[in-house]
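Try each task on the structure before you read the solution.

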Amino acid sequence: MAGSSHGHTPAAWTGVTIAIIGFTVAGAFMVMAEPLGFWAGMAIVALSGFVGLAMRAAGLGRPKAAARPVHQATATAAREPAGAEG
């Protein structure tokens, strides 16, 4: 996925960061046996999806035209095999 710039946008980073915070809150309250806090953390996780979508709609996500970049194949037959020099 690194070659397709998947997730390298402010919308993606913000959504994931908010989701991590939500899971951390939910996990802490689950250990403390507080169901209300757990569900508040899960609400934060759900909010992260909406924030990511809103930021994408505002133009901070990957444009739809660049959904799948075309990769050019390299000519591997023209290359020489790697060898040790010495």
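Helix axes here are lines fitted to C-alpha atoms over the stretch in contact, and the angle between two of them runs from 0 to 180 degrees between N-to-C directions. Keep in mind that this is a predicted model.

**Exercise 1.** Work out how H1 and H2 are oriented relative to each other.

*Solution.* Start with the geometry: the two helices, H1 and H2, pack at about 175°, and their axes lie 7 Å apart. Next, the cut-off: angles over 145 degrees count as roughly antiparallel. So H1 runs roughly antiparallel to H2. Now look at who touches whom: the contact includes Ala11, Gly15, Ile18 and Gly22 from H1, and Gly41, Val45, Ser48 and Gly52 from H2. Sorting the residues of this contact gives 16 nonpolar, seven polar and one charged.

**Exercise 2.** Find which residues of H2 are buried, and name a helix that helps cover them.

*Solution.* First get the helix itself: H2 spans residues 35–60, which is 26 residues. From first C-alpha to last, H2 reaches 35 Å, close to the 38 Å expected at 1.5 Å a residue. Then pick out the buried positions in H2: Gly37, Gly41, Val45, Ser48, Gly52 and Met55. Part of their cover comes from helix H1 (10–31).

**Exercise 3.** Is alanine 58 buried or exposed?

*Solution.* Locate alanine 58 first: it sits in helix H2. Its relative accessible area is 62%, and exposed means over 50%, so alanine 58 is exposed. As for distance, alanine 58 and alanine 11 are 47 residues apart in sequence and 9.2 Å apart in space, C-alpha to C-alpha.

Note on methods: Residues are numbered from 1 along each chain as its sequence is written. This is a predicted model: local features need pLDDT of at least 70, side-chain atom pairs count only at pLDDT 80 or more; totals for chains, interfaces and linings use all residues. Side-chain values use heavy atoms; hydrogens and water are left out. Helices (H or I, at least four residues) and strands (E, at least two) are DSSP runs, numbered from the N terminus. The expected span of a helix is 1.5 Å times one less than its number of residues. Buried means under 20% relative accessible area, exposed over 50%, partly exposed in between (1.4 Å probe, protein chains only). Contact means heavy atoms within 4.5 Å. Angles under 35 degrees count as roughly parallel, over 145 as roughly antiparallel, 65 to 115 as roughly perpendicular and the rest as oblique. Ala, Val, Leu, Ile, Met, Phe, Trp, Tyr, Cys and Pro count as nonpolar, Asp, Glu, Lys and Arg as charged, and the others, Gly among them, as polar.
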